Amino acid sequence: MLMRTDPFRDLDRLAQQLMGPGTWSKPSAMPMDAYREGDDYVVAFDLPGLTADAIDIDVERNMLTVKAERRPVAKADDVQMELSERPLGAFSRQIVLADTLDTEHIHADYDAGVLTLRIPIAERAKPRKISVGVGSGRKEISG
């Protein structure tokens, strides 16, 4: 259901770990899981610490784009930061979806820091039975 198109994804992930989080001009990727559950294809993204209005989901043809942004929290003047490990900036992920998915009926839910997208499998892609007729009445012509 999901078509992998980026052969350098693991190399990019390693480079991001070594070079730090993404910036607003160069977003970092977000971890995800993808699996089939019944008649739905499910994609779950880890986006902890965000509000639902900070997440943007777009579908154009069969390209799914998920973007999110975590901005710095406003602090009082007398606050002195001792440690800051939570990544700030923009996060983005693009996925090429198979033609067998119904992109018109995607359902998105954000709970406990996980964005879950449920994409129905198109009716034309579901298995179906084809009955076989007996005695179709064919006649052979000999000449």
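**Close-up views of a predicted protein model**

**View 1. The surroundings of T65 in a predicted model.** Apart from neighbours within four places in sequence, T65 touches D56, I57, D58, R93 and Q94. The model shown here and in the views that follow is a predicted one. T65 belongs to strand β5, and with a relative accessibility of 9% T65 counts as buried, because the limit for that term is under 20%. One of the partners, Q94, is also linked to T65 through the side chains, which make a polar contact of 3.1 Å.

**View 2. The whole protein chain, as a setting for the close-ups.** Among the contacts with a separation of 6 or more, 60% are between residues 24 or more positions apart.

**View 3. The pairing of strands β5 and β6.** Strand β5, which spans residues 63-70, pairs with β6 in the antiparallel sense, and eight bridges join the two. Within this pairing, A68 stands opposite F91 of β6. Strand β6 covers residues 89-97, and seven of its nine residues are buried, so this strand is largely enclosed by the rest of the structure.

**View 4. The largest nonpolar core and the contacts of V66.** The core holds 19 residues, and those that touch the most other members are V43, F45, L47, V66, I95 and L115. Two or more residues come from each of β3 (40-46), β5, β6 and β8 (114-120). In soluble globular proteins, nonpolar side chains tend to be buried together. Which residues does V66 contact, leaving aside its neighbours within four places in sequence? The list is made up of M30, F45, I55, D56, I57, F91, S92, R93, L115 and L117, and of these F45 and L115 are also named among the core residues that touch the most other members.

**View 5. The open sheet of four strands.** Four strands form an open sheet in the order β2-β3-β8-β7, with antiparallel pairing. At its edges lie β2 (32-37) and β7, each of which pairs on one side only, and the twist from one strand to the next averages 20 degrees. Strands β3 and β8 run antiparallel and are joined by seven bridges, and in this pairing D40 has P120 of β8 as its bridge partner. Five of the seven residues of β3 are buried, and the strand is thus mostly covered.

View 6. Strands β2 and β3 pair in the antiparallel sense over six bridges, and M32 has F45 of β3 as its bridge partner. The two strands form a hairpin with two residues between them, and in the turn G38 has a positive phi of about 65 degrees. D39 is also found in the loop between β2 and β3, and its relative accessibility of 43% makes it partly exposed. How far apart in space are D39 and I119, C-alpha to C-alpha? The distance is 8.7 Å, although the two are 80 residues apart in sequence. When neighbours within four places in sequence are left aside, D39 is in contact with I119, P120, I121 and K126.

View 7. R61 is not a glycine, yet it has a positive phi of about 55 degrees; its place is in the loop between β4 (55-60) and β5. Most residues other than glycine have a negative phi. A112, in the loop between β7 (107-111) and β8, likewise has a positive phi, near 55 degrees, in a residue other than glycine.

Terms used
Residues are numbered from 1 along each chain as its sequence is written. This is a predicted model: local features need pLDDT of at least 70, side-chain atom pairs count only at pLDDT 80 or more; totals for chains, interfaces and linings use all residues. Side-chain values use heavy atoms; hydrogens and water are left out. Contact means heavy atoms within 4.5 Å. Buried means under 20% relative accessible area, exposed over 50%, partly exposed in between (1.4 Å probe, protein chains only). Two strands pair if DSSP finds at least two bridges between them. A nonpolar core is a set of buried Ala, Val, Leu, Ile, Met, Phe, Trp, Tyr and Cys residues joined through side-chain atoms within 4.5 Å. Axes are lines fitted to C-alpha atoms, for helices over the stretch in contact, and angles run from 0 to 180 degrees between N-to-C directions. A polar contact is a pair of N or O atoms within 3.5 Å; within protein, one must be able to donate a hydrogen and the other to accept it, and residues adjacent in sequence count only if both atoms are side-chain atoms.
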